[in-house]
Amino acid sequence: MAKVFIYPSTSLILSDLVARYGHTPLSSAVAIRERIQTAGFESPPLQITPEEPKKGLKWAAVEVPSGVRGRMALYGPMIGECEAAIIINDADLAFGCMGCARTNELITFLVRQKDIPKLDLYYPKNEEEGVKFVAAIKRFLTGLGEGK
Amino acid sequence: MTPPVRIAQLSCGPEYSGVQQEIYIAAKEVNGEIFYPDVALKDVLRDFDIFGLDVRSPDLKLAIARAKALVEGRVDADAVFIATCFRCAEGAIVRNELRHYIHENSKLPVVSYSFTERTTSGTLLTRMEALTTIARRRALLAREAQQGITLGLDSGSATTKAVVMKDNKIIGTGWQPTIEVLKSAQDVISHALEEADIKRNEVQAVGTTGYGRFLVGKEINADLIQEELTVNSKGAVFLADRQHGPATVIDIGGMDNKAISVMDGIPGTFTMGGICAGASGRFLEMTSKRLGVEITELGPLAMKGFAGRVPMNSYCIVFGTQSLVNALATGSTREDVAAAACHSVAEQVFEQQLQEVDIKEPVLMVGGTSLIEGLVFAMGELLQTKIVVPPYSQYIGAVGSALLASGFIRDD
């Protein structure tokens, strides 16, 4: 079983696919769930406090906007932890959408720098591409270590 | 209980910067309710495309779609709050364009803000208060004439001012530096009443504004306690006799600066800057001390100098003052240094704040710093327009308060 970082990290479809093949998806849902299930709810809606942009300084300098650093405090640790990654480029907003383009550029850059198995795909534009798209993800996940 | 003012939030990043809670708190404190306008995914794709600003960040695309939904009436709101991360170029472009778009195409009051993780509800409070006031008290803000006998008090960060008005005329004034908030307030009120030859019990209504408005307002049983953005706008157009049509109000204060785009005396868009002391009246105070002149003499001194002859390498109040000291040490004249200080403040306000509002003539400069003619001249040069400084401009907040307070006079 491998820890697979997914991009867009908000994609429930991608997260579900990773889980179905026996791996652990590293996604927004997991990071956000951990926060909002923590006792006390001081900083709605995501329970991200002004401390997160400071933690984000590990990945982005102080002149980088606070929204980027706050996001990196969520995604940075997952990128550090992941053993494999799936990146879907130009995904449809309905497939998974991450709000800040600058953060997205930094996330995909950092993932691509890692020496781990990666699947770098474009989002399909028609049914035929869609079938190939799912098959490629299946092949990648099956081929990962102890995956099904 | 009065229903809350519904403030639509168009933003990118506050949730991830840990400041969304601060926005909620600031709005709640002035009986406002923040909400995100609901739009469908198909609306986002269509509206973003129609708007034509090809940004990459999906949250900004969503903000654009939400703005269109507000302007086209698909979502109801009383006011709009636009916020993006400080230092994000893409966010700044969208923030500006949306503010402009909403201002031009609807009657919704708008405030835009760029936040950092250090933004607090206190910083946002005056802006939120102004938004809710404009939305809730349009009838009060439509008042064009003062009636009866009213007292207005402006408890500012640097100075406290009071005026007594009777039948649309100023009949007494009081002014002094703010030392102890309550005592300074009582002193200026006494002075204004004495000058007006009016007894306290003859005053029919009282209004307060400025940083100390809540404290003083409670102490003197004010009928109206109001932030300075709406009050100063009202005072400015009243004193300049420009109550109808567009105007731009610039108030460079002791602690923060206000730039307000006004239509018929009611603010449409506005900005408040308070991060850098180098762009404030404080810097001019320090300059005058260093030059050994009273602040009242700084303006005439600056008018005799030429700002371009003194290099100012920093906007910071500490390093900016150092630049001026260095200039004096290398032989620059006091006149040139005074002019450079005025130019520096005007330039900062121009670059950092006036880009955020739509400058429409007449441009009215108000507040104590509007009496520094070198500053007014520098601002006029930058804006390429003749700046109007209305009479009693240093009492603008007190006059606005006295004017609006007359709406609270009871017939009995």
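Which residues in H12(B) meet which residues in H14(B)? The views below start there. This is a predicted model, in which local features need pLDDT of at least 70, side-chain atom pairs count only at pLDDT 80 or more, and totals for chains, interfaces and linings use all residues. Residues are numbered from 1 along each chain as its sequence is written, with chains lettered from A and ligands numbered from 1 in written order.

**View 1. H12(B) meets H14(B).** B:Leu298, B:Leu301 and B:Ala302 of H12(B) touch B:Arg334, B:Glu335, B:Ala338, B:Ala339 and B:Cys342 of H14(B) (contact: C-beta atoms, placed from the backbone, within 7 Å). These residues divide into 6 nonpolar, no polar and 2 charged (nonpolar: Ala, Val, Leu, Ile, Met, Phe, Trp, Tyr, Cys and Pro; charged: Asp, Glu, Lys and Arg; polar: the others, Gly among them).

**View 2. Helix H10 of chain B, residues 228-239.** Helices are DSSP runs of H or I with at least four residues, and strands are E runs of at least two, numbered from the N terminus. H10(B) has 12 residues and reaches 16 Å from its first C-alpha to its last, close to the 16 Å expected at 1.5 Å a residue (1.5 Å times one less than the number of residues). Because 12 of its 12 residues are buried, H10(B) is largely enclosed by the rest of the structure (buried: 20 or more other C-beta atoms within 10 Å of its own; exposed: 12 or fewer; partly exposed: in between; C-beta atoms placed from the backbone). Just after H10(B), B:Asp241 takes a positive phi of about 55°.

**View 3. Chain B, with 16 helices and 14 strands.** Its C-alpha trace spans about 65 × 65 × 35 Å along the principal axes. Buried residues make up 55% of its 412 residues.

Definitions and conventions. Two residues are in contact if their C-beta atoms, placed from the backbone, lie within 7 Å.
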